[in-house]
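The entries follow in the order in which I made them.

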Amino acid sequence: MSILSLFVVIPVLMLLGLWIARNVNQVRGVMVAGSTCLLALSVWLTLAFIDARQAGDTDPMLFTYSVPWFKPLNIAYSVGVDGISVVMLLLSSVIVFTGTFASWQLKPLTKEYFLWFTLLSTGVYGFFICTDLFTMFMFYEVALIPMYLLIGVWGSGNKEYAAMKLTLMLMGGSALLIIGILGIYFYSGATTMNVQEIAQMHNIPIDIQKVFFPFIFIGFGVLGALFPFHTWSPDGHASAPTAVSMLHAGVLMKLGGYGCFRVAMYLLPEATQQLSWIFLILTTISVVYGALSACVQTDLKYINAYSSVSHCGLVLFALLMMTKTSCTGAILQMLSHGLMTALFFALIGMIYGRTHTRDVRKLGGLMKIMPFLSVGYVIAGLANLGLPGFSGFIAEMTIFVGSFEVPGTFHTVCTIIACCSIVITAVYILRVVGKILFQQVSDPHYLQLTDATWDERVSVCCLIFCVAALGMAPMWASKVIENGVVPILSAINI
């Protein structure tokens, strides 16, 4: 059995441990132990991957393992990782670990909440390690389904509406995906559903590729907040509990960009070349529309949710530019945005838990009342608007430099328009920071509030460290990512 299978085995053991846990302390113990093991495993995997590449191992996928599962359809349990998968597993482990501490005080139904939270994370891990199309799709569904209950039961606001809207739209995307996956399998003439083997065969007719490419790209793009299929995202984020928002925006939305690159673009390269301009227009709209929408929101979660639409649109935008620099920047943006938005949602949840409001107009003077959370919010805001020294700057600069490498007026105009989002982002971030942190205390009752507890500090400090570490020393991540990007681009740019 491959070491990668532990990313599924450990969460399954966590589910078993949660099931037999008899009190809240035991539930917390299981979550801390399991999430710590997953974080340690992802760190070890990253170091082992780097060592293997430095030793000269040039296989596209490392730590591979495959065993037949359903022979009539050539479905197998196949796993393997490249540089993209490795950093996504590392991101997922960080978010699950910090999300555990962000949910430390969650009540009621703590045990049931963590059961669904762990099941969601199981699907995320399985999706990133699988190289078989059907198994990948299965884990994709496992990651989506728990969102309905996590929002509908433990959420806030108009949670039933938000949960149903999110589920229906993502299930609609899944319907498109299964059509596209089966189309790729049957028209490729493959005797396997392994992504690498189908890509190497490269025998799907161009007309067939053009039929199924929109199914795959839109199917994954719905989760990646592709315009105009993004409308589920702000409502879902606003109603979700804190740790679910962290995992949702930090990791789950990254499944969309990952799938677009790994499946749609990799397996249907000619269609990618011919149809990319259509989706490039849509992603450019996503980038600017999301940033502009964030400017007019008054709810902290909605501001961050629309910001996520903009930043995830930037991921798809960079992938469609199809240069090594832009695609490396896209994966860096997935990693950076995952950390930044998780930090934002964690802080917003902690502020809401004390003030019982997320309305910017009703908040003020929080720096005087809760300095730790306020400093964390400032750091998250500066990282989000791309301040040098934080991860956001490295990711966005890599994207725009790579995008300007593409010749042609159309691509240049799209890049210039997307660049405008940097200015818009600075506007809404600085406006919110100034209003809620540095103005006069808006409510005398706020003076009685307390600052972050120890569990909240663990979560916030871990995320701040990761955002700063990636911003200060990005080259290791860039080199790891390039190892995954180059083989896929070689197949696309044939």
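**Pockets**

I began with the largest pocket, which holds about 520 Å³ of space. I worked on a predicted model, in which local features need pLDDT of at least 70 and side-chain atom pairs count only at pLDDT 80 or more, while totals for chains, interfaces and linings use all residues. Residues are numbered from 1 along each chain as its sequence is written, and side-chain values use heavy atoms, with hydrogens and water left out.

I noted the terms before going on. On a 1 Å grid over the protein atoms alone, a pocket is an open set of points with protein on both sides within 12 Å along at least five of seven lines, a cavity is a set where a 1.4 Å probe fits but cannot get out, and lining residues have an atom within 4 Å of a point. Grid points are joined across faces, edges and corners, and a volume is the space filled by probe spheres set on the points.

I found 24 residues lining the largest pocket, with Ala102, Leu106, Thr242, Gly349 and Gly353 nearest its centre. Two or more lining residues come from each of helix H3 (83-102), helix H6 (146-154), helix H11 (242-252), H15 and helix H20 (454-472). Helices (H or I, at least four residues) and strands (E, at least two) are DSSP runs, numbered from the N terminus. H15 has the largest share of this lining, five residues. I sorted the lining into eleven nonpolar, seven polar and six charged residues; Ala, Val, Leu, Ile, Met, Phe, Trp, Tyr, Cys and Pro count as nonpolar, Asp, Glu, Lys and Arg as charged, and the others, Gly among them, as polar.

The second largest pocket holds about 320 Å³. Of its 15 lining residues, Leu90, Val94, Cys466, Ala469 and Trp476 are the closest to its centre. H2 (24-54), H3, H15 and H20 each supply at least two of the lining residues, and H2 has the largest share, with five.

**Cavities**

H21 (475-492) has the largest share of the lining, four residues. I recorded five nonpolar, three polar and two charged residues here.

**Surface patch**

I next looked up a nonpolar patch on the surface: Trp69, Phe70, Leu73, Phe134, Leu182, Phe186 and Tyr187 have about 690 Å² of accessible area together. Patches are made of residues with over 30% relative accessible area and no salt bridge, with like charges joined within 9 Å and nonpolar side chains (Val, Leu, Ile, Met, Phe, Trp, Tyr) within 5 Å. Accessible areas come from the Shrake-Rupley method with a 1.4 Å probe, and for residues only the protein chains shown count as cover. Helix H7 (159-188) gives the patch its largest share, three residues. Tyr187, in helix H7, is partly exposed at a relative accessible area of 46%. Buried means under 20% relative accessible area, exposed over 50%, and partly exposed in between (1.4 Å probe, protein chains only).

**Salt bridges**

I counted six salt bridges, each being a side-chain nitrogen of Lys or Arg within 4 Å of a carboxyl oxygen of Asp or Glu.

Asp235 pairs with Lys165, the closest N and O atoms being 3.0 Å apart. Asp235 lies in helix H10 (residues 232-239) and Lys165 in helix H7, so the pair ties together parts that are 70 residues apart in sequence. Asp235 is buried at 14% relative accessibility, and Lys165 is buried at 19%.

Arg354 forms a salt bridge with Glu456, with the closest N and O atoms 2.7 Å apart. This pair links helix H15 to helix H20 across 102 residues. Arg354 counts as buried at 13%, and Glu456 is buried at 11%.
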